[in-house]
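Please look through the sequence and the model before reading on.

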Amino acid sequence: MTGLESQLPKLSLICLGAPTVRVGGAPPDGSVIWRKNLALLIYLALAEGKTNSRGHLVGLLWPEKPEEKARHSLNEAIRRLRSALGADRLISKGDRLSLADVDLEVDAFEFEQIVRDDPAVAIDIPTGEFLDGLVIEDAAPFEQWVAVQRERYSALWAGALVTVADAAIMDDKLAHAQALARRALKVQPFNELAVRILIRAAALAGDVSGAQMVFRDFQTRILEELDATPSLELVGLIDRVRDQRWWAGRGEHQAGNEPRLVGRFDLHRMAFGTVCNRTRRAKCLVVTGGPGMGKTRLLNECLARASLDGALTLVARPLESDQDTAWSTLRSMIRAGLGDASGMAGAPPHALSTLAALVPDLAQRFTPVEPQDRGEIVQALVSFFAAVCDEQEIVIAFDDAHLADRSTLGVLEAALPQIRDLPIGIVLSVGTSVAVPPELLRLQSAVGHAVSGRALELDPLDKEAVKCMVEELAPWCKNAGDVDRLTRRLLFEVEGNPQLAVTILRALGEHALPEEKPMWPRPRATIETPLPFTIPPLLRSAVLARIECLDGAARNVLEAASAGYIAIEPGLVAALLDINIDDVERHLETLERQDFVRYQDGRHVFAAPLLKKAIEEACLTDGQRRRWAKKSIAFLGERRDSAASLLRVELYTKTGENDRAFDESMSIAHAAMADGSYGTARRALAAADVAAGEDGTRSQRVSTARKELSAKPLPEDVRR
């Protein structure tokens, strides 16, 4: 920098919107903003190295003049600019003309930097069209350059809007995402990324018709104005939205029927960002939390977003009775959709034969070959995943992963280092205060090391989160006082449990009289004068209100099913009610549509253990429980599978046969410990504890057995 350059006044160029210049913070000499003088100044400021040849500048701004006159015009423009801005602001070196960048500010450069650093800030900067209103009719090359720059800065602006809109979808702020996408389309009407966001946001909000309308409008617009058609990617997206394939298999939830996820925006963003990061590498998300904390809901939402973007998603939901059955979770994965993936045909035949030896569903298509060792199974699974991933990304979820069998978990853990470069996602939901198999603990510890990902824990909702839930699900609260009162009451009753909070709010909305809703809880008695009931009665009341909507036959099936285990046996229900098993199956389909049960892995199960317990306590009398327990014991007969054996001893306690219940449950526990079925052993000891009652000697035997179980070399009773 020369001494003269250091004395140059500060020069600010405004390019976005109506162009103007500030010199030392004040308006410049009038000659600076003459059209071609201003054009020359801005062009040099944005040129690479802020320099260009005189010949290029002449052709840019004076293309219609003879060479000599054009160069004279350029020299005159330079003279006037130097006079107004400082002699050293424009520097000549041979045929090159440069703009000194000392104390130079250009809003276009600043905008670009902000877009790169923080798009959320960039979209709130008031800007206009590049060089808006500056027209130089006799300089076609300059006008062409301006057109290119306008498109470039419009693309930057739209890109920032799309980036922030995409983040808003991750935050589940769907309306905000749609508003930002529409702003982007005003700037760039053919921006397909913005259209994708509008469609995704509408679909996630349950507005399939709105998503289809967005697509049709865009399709018509580009056909009429560009004679073009939407990309195959966009067509695939709208096809998935139309038939809701992206929501298939999401359990009891349906798109748009669940309240918006609230209160954990940062956590939700991390979860969605982990599963839906659109990289071609493996990732793993582990979600832990207690009952009713929303693990399954968050898992479903992650899968919905991944599936909406074109991934093959599937859910394995092991039951407690499955964890001691080798490869049961692998079989659930295959049945849930992995066995029908289009890419599996590309897997090596030996890999398919190896897996067929473990999964009967595959044995119908491929000749089973017994594996020599676990390493062979790992390689078969890796080859299988690689073949499927050649066709599309896959995301596999294990809901209640702590109930998965150890064989599947061990092979999956061993496969992680070999699948890290595949487009595959693994989502695990794990309960707290539950026994976690060591294989699952090792798999969890690999997250962030052997494979990228996150581990997140769902804590109870705080007051602000519950307030958001009240505002969404309690429209009868017309003022802040009503909202606050109901929020405080819910916090008192449910202690931040989102499942119970939603249950209570929905029960109030659907079954309370209109005049009663705003008065529950009563003003000034929210906490100080507690209502004479606790959470279980409230939940039972809500369940009863839902059951009232069922016809008599379906209700009978539901009540009889609650007398058994969480996995429903149609034959047992038929025996209890003395009806045809086909009728039971038909009524179970009705109950599935009413969200009481769900269908998974070829069987009906209760939608939640808590729901089964509430139905049993609310609907069955003591006499009915005893009578059905006896019939269930007779139906189970001499079956020796673990699920039947454990159910039988639990039923003995309901019939008063505590001695028999204790003896059989202890026998089951010792046999299970001997063959390594520790999950079965724990359940059997729990049943023995109930059967022991006040008998101190029996309680001591249970305690001794539990100590023996905890001393096993591969303890599963590691507490989260």
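The model is predicted: local features need pLDDT of at least 70, side-chain atom pairs count only at pLDDT 80 or more, and totals for chains, interfaces and linings use all residues. Residues are numbered from 1 along each chain as its sequence is written, and side-chain values use heavy atoms, with hydrogens and water left out.

**The strand pair**

- Strand S1 covers residues 11-14 and pairs with S2 in the antiparallel sense over four bridges; strands (E, at least two residues) and helices (H or I, at least four) are DSSP runs, numbered from the N terminus.
- Pairing requires that DSSP finds at least two bridges between two strands.
- Ser-12 has Arg-22 as its bridge partner in S2.
- Five residues separate S1 and S2 in a hairpin, and Gly-17 in the turn has a positive phi of about 105 degrees.

- Buried means under 20% relative accessible area, exposed over 50%, and partly exposed in between (1.4 Å probe, protein chains only).

- Most residues other than glycine have a negative phi.
- Asp-227, which is not a glycine, has a positive phi near 55 degrees.
- Asp-227 lies in the loop between helix H9 (208-226) and helix H10 (232-243), and is exposed, with a relative accessible area of 66%.
- Asp-400 is likewise not a glycine and has a positive phi of about 60 degrees.
- The loop between strand S9 (394-398) and helix H17 (406-419) contains Asp-400, which is partly exposed at 28% relative accessibility.
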